Amino acid sequence: MATGKSASCSTAEESSSKSQTRTNSKNNEMEIFFNRKWRVELLKPYHVRYCRHVLLSRLSSGYEEADTQRMTLLHFGITSMDILNSTESALKREERENIINWIYHLQIKEPADRSGFQGSSTFMFKSLSYVQNGGLPPAQLFSSHITMTYAALVSLLTLGDDLHRIDRKNILSGVAALQNSDGSFQASLGCSEKDMRFVYCAVCTCYMLNDFSHVNVPKLIEFIKSSFTFEGSFSSGYGVEGHAAYTFCAVASLFLMDRFEESFSENEMEHLRRWCLMRQEYGFSGRPNKAEDTCYSYWVVATLTLLDSVHMFHHPRNVEFLLGNQNPICGGIGKCDNEHVDPLHTFMGLAGLALVQYEGLNPINPMLTMSEKAVMHMRKLHLRWKGQEYC
Amino acid sequence: MSTSDDESTTPHVFYKDRPEWQDVQPIPSDEGPSPVVAIDYSEQFADVYNYIRGVINTGELSRRVLSLTCDAIGLNAANYTVWQLRRDVLEAIGVPKLIDESGLDKEFEKEFTFCEKMIENIQKNYQVWHHQKALVSWAVGYDESTKTMQVKNPEALDILFKRELQLTKDILSYDAKNYHAWQHRQWILSIFKDYSGELEYVNQLLTDDVRNNSAWNQRYFVFTSMQDFSQESLTEELNAVWEFVKVALCNESPWSYLRGLIRLAGDCRPTLQKEVVARCKPFVSKKEGTSVPMLGLYIEFIDDLLRNGEPDPEEFAEVVCLLEHMIKTIDPIRAKYWDYIMTKFVNAHGDSELDKFTKVEINA
């Protein structure tokens with residue numbers, strides 16, 4: 001496998017590779033396929049190749065439905081590569097710079113209440129007649145989206161960017177402008193769609209920019225607490241069924257604000273712990289009596305990590321489930337066995353494996369959903385910003 | 001109003017080739033100098049979105065823009081900006097009107113039908129449900145901040161209330177756990193403040209599939225809306241639920257429900273906990289009693305009762321024995337968790353139980 005690794009990697013990167021290498025790679029692929037090797041080992045070079053494909057090749061028109069979320073696809077691709085320790089080895093310097101430039105291309109710097117990032121260039125009106133006439137489309141048609149702001153910042157930090165091209169103060173005003181009177185957050189200005197996902201993205205953004213003073217923290221916590229269910233999980237909002245992804249968003253948000261322990265009784269914490277642990281069969285499900293899915297091996301295990309309970313479930317079963325969902329031909333991970341791979345599940349699968357310290361993967365931070373390496377870089381920036389006025 | 005109906009019969013004509021659109025300047029997407037995560041947009045996608053950008057740029061809010069948004073949504077229903085543009089147009093051309101006893105305004109009705117069709121086609125898309133919520137809010141004049149409706153006529157409200165319940169029921173007949181449909185249904189029940197028929201619906205769903213956790217959640221939602229947590233009311237509900245518990249002892253959902261239900265109780269909590277423990281007892285000793293969620297609740301309730309009441313060496317010993325059983329045979333994948341529960345349990349009660357044992361021995 002060791003020699004095969006470099007062989008398959010090079011076919012991905014250089015289409016003009018030598019025929020010998022191609023043959024080796026082919027043999028290697030056959031071996032993996034017929035010996036069902038993907039069930040017992042992580043096909044790292046295949047996933048690196050898949051992530052490069054997501055980031056740098058032209059995705060098929062089937063991805064049109066993800067058009068407004070290209071920033072999140074980028075986040076999944078780049079963070080996956082980071083977990084695989086390959087952002088520098090598999091991406092040329094120029095390619096990394098191109099990615100950074102593209103992210104900044106989607107930044108809305110002003111007015112302050114619209115500040116942040118968009119998910120794609122579909123509605124970037126920077127250079128249009130609106131702007132030339134000194135105006136902008138109405139806010140509900142042209143403003144940042146909180147999930148994209150989160151994904152952009154994580155991606156920039158992952159690529160080692162020093163964030164000097166963002167307007168920190170305006171982005172924080174943009175986040176504040178999205179908070180609703182019940183403490184929750186809407187996705188984008190004028191859009192009344194609101195739930196726990198946007199709460200998490202807002203909290204992460206404040207954390208990454210090291211400033212919670214623009215948002216109403218007590219109200220935010222009130223909203224999170226109101227979404228705690230009788231089952232011991234969290235839902236998208238009051239009354240709705242508990243769900244593992246929303247549970248993660250709620251718990252991680254409270255930890256990021258350092259308000260978890262004071263918000264819950266020991267009894268409630270026990271309910272939460274039990275609910276999370278009961279989600280395991282082999283992998284994890286997102287709700288009781290629902291099927292397992294790769295992504296919950298991140299959402300649930302990250303929550304358990306925060307609750308200091310990562311040792312309480314069965315790791316080998318979880319790893320076996322995740323490895324079984326790999327695609328041994330094109331790379332990537334699907335939501336379950338024999339399912340199409342996609343960037344989200346590839347990322348969640350790798351992040352889930354990183355949480356259980358799968359060999360050779362970079363550690364991931366279970367609060368921010370980015371690598372510890374990127375978190376270290378972020379902390380250095382925080383120190384640099386200390387005492388500085390917002391620029 | 002919409003082009004979607006025409007599409008099936010007539011071949012698609014690009015907007016750039018339509019004479020009635022010649023006055024609009026199409027605007028290509030500004031990808032910047034180095035696009036990444038690029039998508040190979042189809043020619044139709046690029047054409048429609050070039051015109052969407054064109055009309056946003058000029059600020060046009062007209063009927064033809066409404067039909068343009070229909071095409072754009074058809075190509076990407078997750079594009080929240082296009083949905084927003086559609087709502088802006090609807091408002092600008094005066095489509096939304098308050099409902100009265102004769103029903104929805106004709107043109108507004110068409111918009112409801114359009115959205116309902118979209119929901120049926122793509123049932124798990126956030127935007128379609130969000131749009132439906134906006135339409136309902138317009139029709140009844142709902143104000144989120146005050147949680148009040150402008151429309152007061154009960155007949156008029158009833159038309160819409162039934163329509164929305166039917167819509168969610170239809171969607172839940174495809175997938176009874178559709179999160180979006182449940183969320184919408186709960187919102188409808190809460191703004192119309194009418195939960196009267198919901199328990200019957202929940203019972204029907206639980207009869208169809210007792211493992212439907214969404215239906216159990218809905219049961220809790222309905223029960224708590226009644227705000228009666230007296231011992232009589234809770235006991236009545238416990239009796240009703242027990243019929244579903246017995247059907248599948250290993251089903252996690254009803255045990256969670258019972259835990260939630262009893263947490264609502266005030267002073268009568270220990271009484272209800274004892275009742276559940278007593279009802280579990282016959283199963284615990286039998287083979288079918290190896291239900292992880294049942295034993296989990298059983299142990300938890302005994303733990304609670306011991307904390308708040310008299311020590312009971314027999315129950316203490318039984319729980320320790322059950323936990324050992326859980327660790328070794330019943331639920332080994334969570335062995336470390338049950339081990340943790342065992343430690344907590346023994347630390348909490350071990351000494352007092354030991355004292356009592358000692359006392360019993362001394363007395364003997």
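**Helix packing and the chain contact**

Modeller: Start in chain B, with helix α6 (residues 126-140) and helix α7 (residues 154-174): they pack at an angle of about 170°, with their axes 11 Å apart. Helices here are DSSP runs of H or I, at least four residues, and strands are runs of E, at least two, numbered from the N terminus. Axes are lines fitted to C-alpha atoms, for helices over the stretch in contact, and angles run from 0 to 180 degrees between N-to-C directions. The angle therefore makes α6(B) roughly antiparallel to α7(B) (under 35 degrees is roughly parallel, over 145 roughly antiparallel, 65 to 115 roughly perpendicular, the rest oblique).

This is a predicted model: local features need pLDDT of at least 70, side-chain atom pairs count only at pLDDT 80 or more, and totals for chains, interfaces and linings use all residues. Residues are numbered from 1 along each chain as its sequence is written, chains are lettered from A and ligands numbered from 1 in the order written, and side-chain values use heavy atoms, with hydrogens and water left out.

Now the side chains. W129(B), Q132(B), V136(B), A139(B) and V140(B) of α6(B) meet α7(B) at L157(B), L160(B), E164(B), L167(B), T168(B) and I171(B). Contact means heavy atoms within 4.5 Å.

Next, another pair in chain B. Helix α13 (residues 269-284) and helix α15 (residues 313-330) of chain B pack at about 50°, with axes 14 Å apart. So α13(B) is oblique to α15(B). V277(B), K281(B) and V284(B) of α13(B) touch E315(B), E318(B) and L322(B) of α15(B). That contact has three nonpolar, no polar and three charged residues.

Last, the chain contact. In chain A, 72 residues are in contact with 65 residues of chain B. The two chains bury about 6,500 Å² between them, 53% of it on carbon and sulfur atoms (accessible area, 1.4 Å probe, lost on being put together, summed over both parts). E64(A), F230(A) and N289(A) lose the most area in chain A, together 13% of what that side buries. Seven salt bridges are counted between chain A and chain B (a side-chain nitrogen of Lys or Arg within 4 Å of a carboxyl oxygen of Asp or Glu). E144(B) forms a salt bridge with K194(A), with the closest N and O atoms 3.7 Å apart.

Conventions: Ala, Val, Leu, Ile, Met, Phe, Trp, Tyr, Cys and Pro count as nonpolar, Asp, Glu, Lys and Arg as charged, and the others, Gly among them, as polar.
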